[in-house]
Amino acid sequence: MAYIVPVIFLAVFIFAAVKKVKIYDEFSAGVKDAAKFTLSLIPCLAAIFMMCELFEASGLADRLTEFLSPAFAFLGIPKELAKLVLIKPFSGSGSLAYLNDIIQTYGADSYVARCACVCYGSSETVFYISAVYFAGLKQKKLAAPIAIVIVSTFLTTVLACLVCRVM
Amino acid sequence: MNAVFTVIFLVSVAALAISAPQNALGALLSGAEKSLKMAVTLFCIYAVWMGISRVAEKSGLSGAAARGLKPLTRRLFKTENEAANENLAMNLSCNLLGIGGAATPYAVKAIGELEKEKNTFAQKLLFIINATSVQIVPTTVIALRAAAGSAAAADIFLPSLICTAFSTALAAAIFIFGPKKWRT
């Protein structure tokens with residue numbers, strides 16, 4: 001899999017050179033777009049991150065984890081996973097840190113760690129994506145799509161815990 | 001988003017006011033700081049991928065990829081817009097290849113194009129597909145497990161594939177077959 005990136009760059013650059021594209025000019029123009037794009041994201045990112053930090057710092061994240069863990073256990077989700085499942089929609093780096101924690105604590109080949117890996121890999125940071133994707137739009141009615149994604153992600157967690165038992 | 005933000009913000013601040021009011025400002029500032037760090041990380045990713053994607057675009061390569069995937073994107077997203085189809089095709093290809101960082105700029109461009117024709121259905125479907133993660137190879141997770149001394153780091157490949165396919169299919173199905181007001 002490590003070959004994908006070098007191969008893509010080689011293929012694109014060689015093809016572009018054959019087509020006589022001014023590669024340096026176009027590449028820098030692309031980076032300029034990236035700079036503009038990143039700047040336009042900062043206000044949304046700042047607001048979302050402040051909300052996430054408050055949620056963590058207020059202890060509500062922990063309280064919610066505790067409150068929901070019996071329900072999680074009933075659905076076959078190990079209680080160690082509850083926090084990962086709850087944090088993932090908000091924070092990619094936070095959930096990655098927590099995933100690493102689970103792997104270190106229980107061992108990479110344990111059932112809990114494998115479940116955690118599959119859950120992490122099959123979900124995304126929903127709130128962050130919604131902020132980035134719709135940053136430029138005036139009218140946004142995103143409650144239904146966000147709810148659909150969260151429900152599906154949760155059901156997938158249940159499935160992941162089942163699949164990891166047999167595979 | 002406004003409602004979600006307001007509710008979580010208010011409830012968290014209220015809880016902090018009761019338990020530890022001195023931590024409120026610290027949390028807000030650290031959130032703002034993290035957003036800038038995140039922006040720096042994102043700029044690095046986007047600089048690499050938007051640089052190369054611009055080269056690919058000018059050489060006609062992305063146009064070719066888009067033509068190949070056009071029958072799929074046109075039917076799935078119900079749009080005839082040339083530029084939107086091209087960006088949609090590139091977003092899907094990047095996702096499937098497992099280079100999620102490259103997929104985001106295409107998605108944002110596609111959403112901008114779709115806005116011109118007020119195609120909210122396609123915008124939301126694109127969000128749902130991306131937010132349920134459609135990667136084929138979970139590179140980050142495999143690398144983490146290998147680093148922790150796993151005997152077979154890649155053995156979660158199949159469970160991951162099953163789950164990621166399930167989550168995307170389920171979310172897309174709920175969205176497409178659910179009440180009409182969800183799609184507008």
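Two residues are taken to be in contact if their C-beta atoms, placed from the backbone, lie within 7 Å. On this criterion, in the predicted model, 73 residues of chain A are in contact with 75 residues of chain B. The side of chain A that touches chain B draws at least two residues from each of the helices α1 (4-18), α2, α5 (92-106), α6 (111-121), α7 (126-133) and α8 (143-166) of chain A. The greatest contribution to this side comes from α2(A), with 24 residues. By residue class, the side of chain A that touches chain B consists of 51 nonpolar, 14 polar and eight charged residues.

The secondary structure of chain A comprises eight helices and zero strands, and its elements run α-α-α-α-α-α-α-α from the N terminus on. Along the principal axes, the C-alpha atoms of chain A fill a box of roughly 60 × 40 × 25 Å. The radius of gyration of chain A is 20 Å, whereas a compact globule of 167 residues would have a value near 15 Å. Buried residues account for 46% of the 167 residues in chain A. Among the contacts in chain A with a separation of 6 or more, 61% join residues 24 or more positions apart.

Chain B likewise contains eight helices and zero strands, and follows the pattern α-α-α-α-α-α-α-α along the sequence. The C-alpha trace of chain B spans about 60 × 50 × 35 Å along its principal axes. Of the 184 residues in chain B, 43% are buried. Residues 24 or more positions apart provide 57% of the contacts in chain B with a separation of 6 or more.

The largest nonpolar core has 96 residues, and those with the most contacts inside it are Leu84(A), Ala116(A), Val118(A), Cys119(A), Ala160(A), Leu126(B) and Ile128(B). Helix α2 (residues 23-57) of chain A supplies the largest share of this core, 13 residues. In soluble globular proteins, nonpolar side chains tend to be buried together.

When neighbours within four places in sequence are left aside, Leu126(B) is in contact with Phe77(B), Leu88(B), Ala107(B), Ala110(B) and Ile111(B). Beyond four places in sequence, the contacts of Ile111(B) are with Tyr133(A), Gln123(B) and Leu126(B). The C-alpha atoms of Ile111(B) and Ala122(B) are 8.2 Å apart in space, with 11 residues of separation in sequence.

Two helices of chain B were examined individually. Helix α3 (residues 61-77) of chain B has a kink of about 65° at Leu69(B), shortly before the proline Pro71(B). The buried residues of α3(B) are Ser62(B), Ala66(B), Thr73(B) and Phe77(B). The elements covering these buried residues include α2 (24-58), α4 (82-97) and α6 (120-131) of chain B. Just after α3(B), Lys78(B) adopts a positive phi of about 50°.

In helix α7 (residues 139-147) of chain B, the buried residues are Val141(B), Ile142(B), Leu144(B) and Arg145(B). These residues lie on the same side of α7(B), because they cover an arc of only 160° around the axis. An α-helix has 3.6 residues a turn, so residues three or four places apart point the same way. Just after α7(B), Gly149(B) takes a positive phi of about 80°.

Positive phi values also occur in loops. Lys20(A), although not a glycine, has a positive phi of about 60°, and lies in the loop between α1 and α2 of chain A. Lys20(A) is exposed, with 8 other C-beta atoms within 10 Å. In chain B, Lys118(B) has a positive phi of about 55° and is not a glycine either. Lys118(B) is placed in the loop between α5 (100-116) and α6 of chain B, and counts as exposed with 10 C-beta neighbours inside 10 Å.

Key
Residues are numbered from 1 along each chain as its sequence is written. Chains are lettered from A and ligands numbered from 1 in the order in which they are written. This is a predicted model: local features need pLDDT of at least 70, side-chain atom pairs count only at pLDDT 80 or more; totals for chains, interfaces and linings use all residues. A nonpolar core is a set of buried Ala, Val, Leu, Ile, Met, Phe, Trp, Tyr and Cys residues joined through C-beta atoms within 7 Å. A residue is buried if 20 or more other C-beta atoms lie within 10 Å of its own, exposed if 12 or fewer, and partly exposed in between; C-beta atoms are placed from the backbone. Helices (H or I, at least four residues) and strands (E, at least two) are DSSP runs, numbered from the N terminus. Ala, Val, Leu, Ile, Met, Phe, Trp, Tyr, Cys and Pro count as nonpolar, Asp, Glu, Lys and Arg as charged, and the others, Gly among them, as polar. The bend at a residue is the angle between axes fitted to the seven residues ending there and the seven starting there. The arc is that of the directions from the helix axis to the C-beta atoms. The radius of gyration is taken over C-alpha atoms; the globule rule is 2.2 Å times the number of residues to the power 0.38.
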